[in-house]
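Let's take a walk through this structure together. Keep the sequence and the 3D view side by side as you read.

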Amino acid sequence: MQSEYVISCVKKNAQGNIEKVGIDGEIFDAKTIAEKILTRENAYFTLVMGIRVRVFVMRDPITKEPYLTTTTNNKLPNNLKFLPKCG
């Protein structure tokens with residue numbers, strides 16, 4: 001059975017891409033979290049204004065690098081981008 005965790009904050013690089021995420025007061029590399037999602041080891045969510053949204057892994061169409069998002073639809077916003085910056 002998968003463990004479930006809530007991502008509460010993010011750290012972005014100069015291009016605005018999410019590189020790290022905060023979970024229970026600890027900081028994790030986004031690629032590590034992506035791998036745990038892809039292997040179905042853990043499930044991750046955001047919780048914004050009382051709304052729980054699942055985190056998914058997508059791949060950049062050019063670099064094929066994985067990235068975290070809360071939607072599989074390019075027209076919908078990625079809730080992770082609106083989380084506060086990790087301290």
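Predicted model: local features only at pLDDT ≥ 70, side-chain atom pairs only at ≥ 80, totals over all residues.

Residues are numbered from 1 along each chain as its sequence is written, and side-chain values use heavy atoms, with hydrogens and water left out.

V21 also belongs to the largest nonpolar core, a group of 15 residues in which I7, V21 and L68 have the most contacts. Such a core is a set of buried Ala, Val, Leu, Ile, Met, Phe, Trp, Tyr and Cys residues joined through side-chain atoms within 4.5 Å. Strand β1 (3-12), strand β2 (18-23) and helix α1 (30-38) each supply at least two of its residues. The biggest share comes from α1, with four residues. Buried means under 20% relative accessible area, exposed means over 50%, and partly exposed lies in between (1.4 Å probe, protein chains only).

Now step back to the whole protein. One helix and seven strands make it up, and along the sequence they follow the pattern β-β-β-α-β-β-β-β. The radius of gyration is 12 Å, close to the 12 Å that the globule rule gives for 87 residues, so the protein is as compact as a globular protein of that length. That radius is taken over C-alpha atoms, and the rule is 2.2 Å times the number of residues to the power 0.38. Helices (H or I, at least four residues) and strands (E, at least two) are DSSP runs, numbered from the N terminus. Along the principal axes, the C-alpha atoms fill a box of roughly 30 × 30 × 25 Å.

How much of the protein is buried? Buried residues make up 32% of the 87 residues. The protein exposes about 6,100 Å², and carbon and sulfur atoms supply 53% of that area; accessible areas come from the Shrake-Rupley method with a 1.4 Å probe, and for residues only the protein chains shown count as cover. Among contacts with a separation of 6 or more, 38% join residues 24 or more positions apart. As for charge, there are 13 positive and 9 negative side chains, and the centres of the two sets lie 6 Å apart. Lys and Arg count as positive and Asp and Glu as negative, while His and the chain ends are not counted; each charge is placed at NZ of Lys, CZ of Arg, CG of Asp or CD of Glu.

Next, look at strand β4 (residues 42-48), where you will find T46. With a relative accessibility of 0%, T46 counts as buried. Leaving out residues up to four places away in sequence, its contacts include V6, I7, I51, R52 and V53, as well as L80 and L83. V48 is also found in β4, but V48 is partly exposed, at 32% relative accessible area. From V48 to I18, 30 residues apart in sequence, the C-alpha distance is 17 Å.

D24 sits in the loop between β2 and β3 (26-29), and its phi is near 50°, a positive value in a residue other than glycine. D24 is exposed, with a relative accessible area of 66%. K64, in the loop between β6 (56-59) and β7 (66-69), has a phi near 65°, again positive in a residue other than glycine.

R59 lies in β6 and is partly exposed at 47% relative accessibility. Beyond four places in sequence, R59 touches L38, K64, E65, P66 and Y67. Its C-alpha atom is 21 Å from that of C9, 50 residues away in sequence. P66 has its place in β7 and is partly exposed, at 23%. With neighbours up to four places away set aside, P66 touches A34, V57, M58 and R59.

Finally, T71 lies in the segment after β7. Is it buried or exposed? T71 counts as buried, at 12% relative accessibility.

Conventions:
Contact = heavy atoms within 4.5 Å.
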